[in-house]
Amino acid sequence: MTMKRRQLFRLLLVWLVLSAEMLPVETNAAPADEAAFLGSLEGRWTGGGTVLLRIDKGAINVSCNFDSQANGTALSMRGTCRGLLVVSRSISADLRSDGSRYTGIYVGPRGGRSALSGRRRGNAINLTVTWAREVNGDRKATLIVQKLGENGMRLSTVDVDPASGKRVVTSELNLRRS
């Protein structure tokens, strides 16, 4: 190799090393991102919406209060929903993030511990619910926890109608931070 070529080669190598040092380093920022996202869901929430006790029955209007607490990559939600002026039911969910994967437990108005698993996409955590017992003909549904702006949150469940095979929103609660 001639002297000129060696110098050119060294200059190219130096340029590559310096360029590489200026590139952003990929890190696993997911736990920090998830902790910040879960922290943004902390607080007292009030609101309401509709609930289908069974897919083939009419919707019931409910009003709800939730208290959610975040601790790092964990979120705990405890709430009560009231419908028909006299019926009051407790609801809770405990979620934990491991990177981009979420797992947890949901206890609905009829009791029983149902398993949660899923991932966050943008401002929504999309979870598969495995009910403690059969609901609407099977043991699977979808629960979506969606942050809306700074002070809004929507909790929705979606199930499959066993008669038609179509996806049906079985509950939708729109909440505001109080």
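This is a predicted model: local features need pLDDT of at least 70, side-chain atom pairs count only at pLDDT 80 or more; totals for chains, interfaces and linings use all residues.
Which strand gives the most to the lining of the largest pocket?

1. Residues are numbered from 1 along each chain as its sequence is written, and side-chain values use heavy atoms, with hydrogens and water left out.

2. In the order β1-β2-β3-β4-β5-β6-β7-β8-β9-β10, 10 strands close into a barrel with antiparallel pairing. Strands are DSSP runs (E, at least two residues) numbered from the N terminus, and two of them pair if DSSP finds at least two bridges between them.

3. Strand β1 (residues 43-52) runs antiparallel to strand β2 (residues 59-71) over 10 bridges; L52 has A59 of β2 as its bridge partner.

4. Strand β4 (residues 87-98) is joined antiparallel to strand β3 (residues 74-83) by 10 bridges, with R82 opposite S88 of β4. Another 7 bridges join β4 to the antiparallel strand β5 (residues 101-107), where Y102 is the bridge partner of S97. In the β4 and β5 hairpin, 2 residues lie between the strands, and G99 takes a positive phi near 70°.

5. β4 gives the most to the lining of the largest pocket, with 6 residues. A pocket is an open set of points on a 1 Å grid over the protein atoms alone where a 1.4 Å probe fits, with protein on both sides within 12 Å along at least five of seven lines; lining residues have an atom within 4 Å of a point. Of the 40 lining residues, V51, I91, Y106, G108 and P109 lie nearest the pocket's centre.

Note on methods:
Helices (H or I, at least four residues) and strands (E, at least two) are DSSP runs, numbered from the N terminus.
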